[in-house]
Amino acid sequence: MFGPNTTGSFLYNLEYSHRDKQFKNIFERLRLQFQIKFNLYNYDLLFIAGSGTIGIESVISSCNRHVNLLGASGKFKDRWSQLSRKYEPKESSNSIDMFCQLETSCSKTFYKTNSIIDAISSFPYYELPEDTPIFITCPNKQLGAFPGVSIVAVRKDSWSLIRESEEFSYLNLFLHKKYSENSQTLTTAPTPVFEHLLHCIENLDVVELRNKIDLASELVVNAVGAENIIGQHKCPVITFKKDSIRDTIAEKYELYGVNNSNSDYYQVFTYSHPIRDYEKFAMELIHEGN
């Protein structure tokens with residue numbers, strides 16, 4: 001419970017394929033709604049089948065510069081650093097900075113201009129710097145849709161950062177862009193995810209989402225105790241010491257980290273459930289005296 005994927009339901013009938021006109025219509029509507037909702041008119045939006053991690057690897061592997069990882073130390077910074085070393089371009093000595101806007105493994109944020117941003121867990125709670133050349137996010141976190149797609153946004157004047165190549169690879173952003181220009185995807189698109197994401201974007205109230213995250217954060221922090229919190233106190237993911245609450249409560253709610261014996265922390269994602277569930281959790285913690 002309170003994990004990183006938002007809870008929800010969606011009725012769907014599979015009546016068309018990802019190469020049919022109906023899908024192209026969904027694709028175009030989704031791209032337009034995304035631009036409108038988040039004022040991203042100066043970005044090209046690419047929808048890549050797979051998790052947010054696929055989007056990250058596509059960007060790093062397609063970049064024609066060395067990707068220099070900055071920001072809070074944590075699991076995801078370490079992963080992206082490994083990818084950067086793996087895909088180090090031999091033909092260029094130039095570099096571009098990249099960071100996790102929210103390093104979820106420790107609930108710490110980072111901010112820098114003119115950098116590639118892993119916004120998978122931060123978007124749209126945190127604002128992006130206006131000069132961000134590329135950012136990556138996904139549907140199944142704060143946007144509230146099903147997993148299965150990575151969203152890569154490349155500012156229209158920043159394609160010079162991406163290697164222009166016709167070499168076939170499912171990680172090649174240049175090929176993804178070519179397919180996107182025809183309202184298509186390079187790989188087989190999970191059509192239910194596209195429909196559900198369109199539905200979620202059309203109905204998303206960003207101010208309401210941010211207020212919910214703030215309220216859920218406050219409920220959890222007050223119940224656990226501010227002295228037990230690791231990282232940010234108002235955040236899409238609250239991280240706290242395992243010994244700050246009873247094991248029985250952690251197991252009852254199946255908190256994120258309860259099945260990981262190597263971690264000293266539990267985590268509560270503050271956007272994934274209705275606010276009443278956070279209220280119930282907080283009240284039980286207070287009643288039980290943690």
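Select Tyr43 and Phe135: both are buried, buried meaning under 20% relative accessible area, exposed over 50% and partly exposed in between, with a 1.4 Å probe and protein chains only. This is a predicted model, in which local features need pLDDT of at least 70 and side-chain atom pairs count only at pLDDT 80 or more, while totals for chains, interfaces and linings use all residues. Residues are numbered from 1 along each chain as its sequence is written, and side-chain values use heavy atoms, with hydrogens and water left out.

A search of the whole structure gives 22 aromatic pairs. Tyr43 and Phe135 make an edge-to-face pair, 5.7 Å centre to centre with 70° between the planes. (Rings of Phe, Tyr and Trp, the last by its six-membered ring, pair if their centres lie within 6.5 Å; planes under 30 degrees apart are stacked, over 60 edge-to-face, the rest tilted.) The pair links distant parts of the chain, 92 residues apart: Tyr43 is in strand E1 (residues 43-49) and Phe135 in strand E7 (residues 134-137). Helices (H or I, at least four residues) and strands (E, at least two) are DSSP runs numbered from the N terminus.

Now extend the selection to Phe23, Phe27, Phe34, Phe38, Phe47, Phe123 and Phe194, which belong with Tyr43 and Phe135 to one aromatic cluster.

Next, which residues line the largest cavity? Select Phe27, Leu46, Phe47, His176, Ser180, Gln184, Thr185 and Leu186. E1 and helix H4 (173-180) are the elements that give two or more residues to this lining. A cavity is a set of points on a 1 Å grid over the protein atoms alone where a 1.4 Å probe fits but cannot get out, and lining residues have an atom within 4 Å of a point. The volume is about 40 Å³, taken as the space filled by probe spheres set on the points, which are joined across faces, edges and corners. The search finds 1 cavity of 30 Å³ or more.

Move to strand E11 (residues 265-269), where 4 of the 5 residues are buried. Strand E10 (residues 237-241) pairs with E11 in the antiparallel sense over 5 bridges; pairing takes at least two DSSP bridges. Show Phe240, which stands opposite Tyr266 in E11.

Finish at Thr53 in helix H2 (residues 52-62). Thr53 is partly exposed, because its relative accessible area is 34%.

Terms used. 1 Å grid on protein atoms, 1.4 Å probe; cavity = no way out; pocket = protein on both sides within 12 Å on 5 of 7 lines; lining within 4 Å.
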